[in-house]
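Hi,

Here is the model I promised to pass on.

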Amino acid sequence: MKTVNTLIVLLFVGMPAMAEVEGVPPAPETYCQWEMVNYAIPAPLCGLKGDVANGIKVVSDGAKGNCLACHQLPIEGIEAYGTIAPPLAGIAARLTEAQLRLRVVDSRHLNPNSIMPGFYRDPSLINRPAKSYEGKTFLSAQEVEDVIAYLVTLK
Ligand code: HEC
């Protein structure tokens with residue numbers, strides 16, 4: 001009988017920890033509000049500084065930016081890319097850093113029918129069916145800034 005009691009106590013002690021692992025999604029990254037000025041976002045998201053090398057990884061990664069599904073980018077060794085969106089070689093000669101940031105963050109401010117995903121749209125405005133994605137942006141603020149850092153090199 002004593003063993004059974006101990007078991008029950010152990011079960012109760014163990015429960016909160018188990019609930020965390022199974023039911024509750026990991027805490028969402030703190031979302032930084034951004035401000036649109038003249039169809040551009042002048043300030044870096046969360047005040048972060050981007051990293052070019054990681055930006056190249058994010059644009060090529062099918063589970064991250066997946067930009068290559070739609071755009072051609074001048075990355076060495078990439079042979080397959082999408083052609084349903086404008087090629088991005090030389091994009092920084094046409095768009096400023098702030099204009100590029102709005103395109104990546106939420107292109108629907110420029111074209112409400114855009115098929116391009118908003119990579120840093122306010123999570124409270126997105127209806128994401130999977131619970132584990134609730135409250136999250138497609139890319140983190142750091143990843144967006146990394147992508148921007150890379151795009152501005154495309155002159
Ligand atoms: C599902 C397809 C799709 C994906 C994925 C996508 N885009 Fe786009 N993108 C478009 C389309 C289509 C346009 C043309 C404008 C529009 O329709 O919104 C565009 C426009 C742009 C522009 C402006 C181009 C110009 O010539 O003015 C930039 C910059 C851009 N995308 C960057 C990116 C980056 C960086 C990624 C990845 C993080 C990405 N896109 C992912 C479809 C896509």
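Predicted model: local features only at pLDDT ≥ 70, side-chain atom pairs only at ≥ 80, totals over all residues.

Residues are numbered from 1 along each chain as its sequence is written, and side-chain values use heavy atoms, with hydrogens and water left out.

What holds the iron atom of the ligand on the protein side? His 71 (NE2) and Met 116 (SD) are the protein donors, 2.0 to 2.2 Å from the iron (donors are N, O and S atoms within 2.8 Å of the metal, or 3.2 Å for Na, K and Ca). His 71 sits in the loop between helix 2 (52-60) and helix 3 (91-94), and Met 116 in the loop between helix 4 and helix 5, 45 residues apart (helices are DSSP runs of H or I, at least four residues, numbered from the N terminus).

Now the helix packing. Helix 4 (residues 97-106) packs on helix 5 (residues 141-151) at about 135°, with axes 10 Å apart (axes are lines fitted to C-alpha atoms over the stretch in contact, with angles from 0 to 180 degrees between N-to-C directions). In contact there (heavy atoms within 4.5 Å) are residues including Leu 100 and Val 104 of helix 4 and Val 147 and Ile 148 of helix 5.

Helix 2 and helix 5 have axes that come within 7 Å and cross at roughly 105°. Their contact includes Ile 56 and Val 59 from helix 2, and Val 147 and Tyr 150 from helix 5. That angle makes the two helices roughly perpendicular (65 to 115 degrees; under 35 is roughly parallel, over 145 roughly antiparallel and the rest oblique).

Cheers
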